[in-house]
Amino acid sequence: MIAVRFETNAEKFYADYMEVIREFEPHVVDREDGESLFLKLDTDDEQVKVAIYSKFIPSNCYEISQKIDLFRSELAKTAQIKRFSKVALYDVLKTISGVDLPYGSLTGIRPTKLFHDLLSQGKDAERVFEEDLRVSKSKTRLVADIVANQQDVYLKEDGVADVFVNIPICPTRCVYCSFISAELSKIRKHVPAYCELLVKELEDCKKLIAGTGCRIRSVYVGGGTPTCIPDDDFLRILSLCDFGQKEFTVEAGRPDTITESKLKIMDETGVTRISINPQSFNQSTLDVIGRRHSVDDVYRAYDSARKYSFDINTDLIAMLPGEGFDEFAHSVECAIALRPENVTVHTLALKKGSVLKVGGYDNTSDELAAKMVDYAREAVQKAGYSPYYMYRQKYVSGNLENVGYALPGKYCLYNVDIMEETTTIIANGAGGISKKLDLSRNLLERCANPKGLDVYLARGSEVFDKKRTFFTEGANI
């Protein structure tokens, strides 16, 4: 491990540079007692110059420069300067650590969005990824394949929106979870009030949409585990989710919450897509990570759901505690055998607040993580699935990614829309983040509901007023 003390004269990019350094943990860490690593950024009207000083670098200094595209907007020039200096920092960290990261200098969660943007500018996106941004050939190919596969569902136009409904309640808390979701046993007495307020917000949402005249493309009810709330509340909420959309997803998630009554409610209210998420098909792993369901429960829920016409998504996670390659490969094969319409392969990310992070679990075995993810990609594609969306997270094993795979014609519209940020999102419930897309200004504005259930309940109609103002002032949705 190499300890550095990072400093820079470009304070406005400091957080971006620190993201690059964090990608190299545990090989390189930033510490007060580390050796100095100083990035000096100089720009004028024509070029950007980067000089990085460190005892770990040959001659103690690395210098590089690039011409600035004079015909681009000021915002685009700033992005160019930031990206170029991040690449310079990446090159230095790669040299001193001997580690070559699969996504190179990219630290954002949406590589495919950047790829789309480069294509829209008429650039050779694959060349930029590999040569300019240092992304590996394999990951560049994955991103390119996803962008190509999105062709028939990628939509970016004014007057189109998706509706998100958040029910941040779960039966138990998984040891890797850092979401705001609350355990049902701890907040049970607040569930009726939360559902009542959410119903009122959805009623207000209907009025808002009717007033704007926008077209709703998809509705996604997530969490949390929406199917863990009582049937009556579940029915009331889903009954208000008819916006004339083509796609209606409910993140059922936990197999032990998928009952015949819940399935019937989803069928009767027009749900088209659900999730049944084992995360692993190894019982010992389920016991360790806090999933209070059995492998048999997964098969029972799946068989019950197949009596209806839902498309089904199945989530798996690579690098769960106690699992080696063979255990993960077993889960992949079990998922493929069920033949769900979607298989999403996540790579474990340990964020602050999760039990595993607090407990010091080490998920940084880059070689094992890569082997697992590569195996899953090859296996599901051989079985007829294609990658159609992806996103990355901080503190993820092997600096890898999460990828959604689907059978032909079964891509989830909401997943594409939310990851590529191509539509307005009207969010409801605690923790929901609404996003207003203004194509004329190439602008995406955000409006967040309170995260905690207690704050959401306390603020009541104030939340609705704020969101209504957000969507009715300025550009129309």
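**A charge over a ring, and onward**

Let's start with a lysine and a ring: Lys-206 lies over the face of Phe-243, at 4.3 Å from the ring centre. Please keep in mind that this is a predicted model.

Now to the cysteines. How many disulfides does the structure hold? The count is 0. Cys-205 is in no disulfide, as the nearest cysteine sulfur belongs to Cys-214 and is 8.4 Å away. Cys-205 is buried, with a relative accessible area of 1%. Cys-241 is in no disulfide either: for this residue the nearest cysteine sulfur is that of Cys-205, 8.6 Å away. Cys-241 is buried too, and its relative accessible area is 0%.

From here we can turn to the aromatic rings. A search of the whole structure finds 16 aromatic pairs. One of them joins Phe-6 and Tyr-17, an edge-to-face pair with 6.0 Å from centre to centre and 75 degrees between the planes. This pair links distant parts of the chain, with Phe-6 in strand S1 (residues 2-8) and Tyr-17 in helix H1, 11 residues apart. Both partners are covered: Phe-6 is buried at a relative accessible area of 5%, and Tyr-17 counts as buried at 0%.

Another pair is made by Phe-24 and Tyr-90, and this one is tilted, with 5.5 Å between the centres and 45 degrees between the planes. Phe-24 lies in the loop between H1 and strand S2 (28-30) while Tyr-90 is in helix H2, so the pair ties together parts that are 66 residues apart in sequence. Phe-24 is buried, at 0% relative accessibility, and Tyr-90 is buried at 0% as well. Phe-6 and Tyr-17 also belong to a cluster, in which ring pairs link them with Phe-13 and Tyr-14.

Gly-224 has its place in the loop between strand S9 (215-223) and helix H8 (231-239).

The lining is made up of 48 residues, and Ala-79, Lys-82, Arg-83, Leu-114 and Asp-117 are the ones that lie nearest the centre. Which element gives the most to this lining? It is H2, with 12 residues. Among the elements that each supply at least two lining residues are helix H1 (14-23), strand S5 (61-67), helix H2 (74-97) and strand S18 (443-448). By type, the lining residues divide into 19 nonpolar, 9 polar and 20 charged.

Next, some backbone turns to look for in the loops. Gln-279 has phi near 70 degrees, a positive value in a residue other than glycine. You will find Gln-279 in the loop between strand S11 (273-276) and helix H10 (283-289), and with 8% relative accessibility Gln-279 counts as buried. Met-319 also has a positive phi, near 80 degrees. Met-319 lies in the loop between strand S12 (311-318) and helix H12 (325-338), where this residue is buried at a relative accessible area of 4%.

A positive phi turns up at the end of a helix, too. H15 is followed by Glu-421, whose phi is positive, near 50 degrees. Helix H15 itself (residues 413-420) is mostly covered, with 8 of its 8 residues buried. They include Leu-413 and Tyr-414, and the charged Asp-417 and Glu-420.

Leu-155 is found between helix H5 (137-149) and strand S6 (160-167). Is Leu-155 buried or exposed? Leu-155 is buried, because a relative accessible area of 19% falls under the 20% limit. Its C-alpha atom is separated by 36 Å from that of Leu-368, a residue 213 positions away along the chain.

How values were computed. Residues are numbered from 1 along each chain as its sequence is written. This is a predicted model: local features need pLDDT of at least 70, side-chain atom pairs count only at pLDDT 80 or more; totals for chains, interfaces and linings use all residues. Side-chain values use heavy atoms; hydrogens and water are left out. A disulfide is a pair of cysteine sulfur atoms within 2.5 Å. Buried means under 20% relative accessible area, exposed over 50%, partly exposed in between (1.4 Å probe, protein chains only). On a 1 Å grid over the protein atoms alone, a cavity is a set of points where a 1.4 Å probe fits but cannot get out, and a pocket is an open set with protein on both sides within 12 Å along at least five of seven lines; lining residues have an atom within 4 Å of a point. Helices (H or I, at least four residues) and strands (E, at least two) are DSSP runs, numbered from the N terminus. Rings of Phe, Tyr and Trp (its six-membered ring) pair if their centres lie within 6.5 Å; planes under 30 degrees apart count as stacked, over 60 as edge-to-face and the rest as tilted. A charge sits over a ring if NZ of Lys or CZ of Arg is within 6 Å of the ring centre and within 35 degrees of the ring normal.
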